[in-house]
Amino acid sequence: MNTRLIPLMRINGPDAPRLCDEYEILDQLLPMRDAHILELGCGAAEKTRTIAERGGVAAITALEVDEIQHAKNLQITDLPKVQFCLGGAQAIPAADASFDIVLMFKSLHHVPGDLLDQALAEIHRVLKPGGLAYLSEPIYTGEFNEVLRLFHDEKAVREAAFSAIGRAVENGTFTLESQTFFSTPGHFDDFADFEKKVMQVSHTQHHFSPELHATVRDAFMQRMTPQGFNFGLPLRVDLLRKPV
């Protein structure tokens, strides 16, 4: 990773960042009222729903690359401001200068490494001049990460995503508005809950030997309490603006 890209950009934040729901950060950083928003990698549309119901937005186009999850999203009928579409950040099915805001929640590092620059170029293309790209990425630290990395180590891909953002700022594609560091509260009821939500997701096929499964379970159970596994997920938001 080229750590000299932008001197003011940091991949990691403070050891004890603010703990809050991510919507608080969105509301603080983004002018969402009457905005046309593109969400890339919307997953099961939890944040899509919150923004559509609370943000006063004009419309949201929510893209998901996982066909299984996209089919589930198409069954959602109570979000009239939201249009669900199949597609990824590297090839956005939208016209130039279509959106005021582009959102990516913990998903840029899932874009294949050789397509990261293309994805950021696509985000630039579909944003209106002066539009904002809100890119939140997980930071490689914390108790949840210690369990996750046993079977899905994201250190390299997260560094690659950060470097791609740095290149896009360095070459003038975007200007860096701010970096914000915080943690969101996370919870699993038990190991079965962790298996369902993390180990068996449809967008990533994990392969477990009996030995690896036991290792992951042991690491998880070491962090269990009578109230379940509670943790803070450290995140970084890089807020970028398309030059006018």
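Predicted model: local features only at pLDDT ≥ 70, side-chain atom pairs only at ≥ 80, totals over all residues.
Q: Is the crossing of α1 and α2 left-handed or right-handed, and which residues of α2 make the contact?
A: As α1 passes α2, the crossing is right-handed. From α1, the contact is made by E22, Y23 and L26. On the side of α2, the residues are K47, T50, I51 and R54.

Q: How many charged residues are in the contact of α1 with α2?
A: Let's sort the contact by class. Three of its residues are nonpolar and one is polar. The charged residues number three.

Q: At what angle do the axes of α7 and α8 cross?
A: Helix α7 takes in residues 191-199, and helix α8 takes in residues 210-221. Their axes come within 11 Å. The crossing is right-handed, and its angle is roughly 120 degrees.

Q: Is α7 perpendicular or oblique to α8?
A: The axes cross at roughly 120 degrees. Roughly perpendicular covers 65 to 115 degrees, and roughly antiparallel needs over 145. That is why α7 counts, relative to α8, as oblique.

Q: Which residues of α7 and α8 make their contact, and how many of the contact residues are nonpolar?
A: Helix α7 brings F191, F194, E195 and M199 to the contact. Helix α8 brings H213, V216, R217, F220 and M221. By class, one contact residue is polar, two are charged, and the nonpolar ones number six.

Q: Which residues does L30 touch?
A: L30 is one of the core members that touch the most others. Residues up to four places away in sequence are not counted here. With those set aside, L30 touches I101, L103, L132, Y134 and L239.

Q: Is A133 buried or exposed, and which residues is it in contact with?
A: A133 is found in strand β6, residues 127-138. Buried means under 20% relative accessible area, so A133, at 1%, counts as buried. Leaving aside neighbours within four places in sequence, A133 is in contact with V102, I123, L127, F174, D238, L239 and L240.

Q: Where is A45, and what is its phi?
A: A45 sits in the loop between β2 (36-40) and α2. Its relative accessibility is 3%, so A45 counts as buried. A45 is a residue other than glycine with a positive phi, near 70 degrees.

Q: Is K106 buried or partly exposed?
A: K106 lies in the loop between β5 (99-105) and α4 (116-126). It has a positive phi of about 55 degrees although it is not a glycine. Because its relative accessibility is 25%, K106 counts as partly exposed.

Definitions and conventions: Residues numbered from 1 in each chain as written. Heavy atoms only, no water. Core = buried A, V, L, I, M, F, W, Y, C linked by side-chain atoms within 4.5 Å. Buried < 20%, exposed > 50% of the residue type's maximum accessible area, 1.4 Å probe, protein only. Contact = heavy atoms within 4.5 Å. Axes fitted to C-alpha atoms, helices over the stretch in contact; angles between N-to-C directions. Helix = DSSP H or I, 4+ residues; strand = E, 2+ residues; numbered from the N terminus. Parallel < 35°, antiparallel > 145°, perpendicular 65-115°, else oblique. Left-handed = near helix turned anticlockwise from the far one by under 90°. Nonpolar A, V, L, I, M, F, W, Y, C, P; charged D, E, K, R; others polar.
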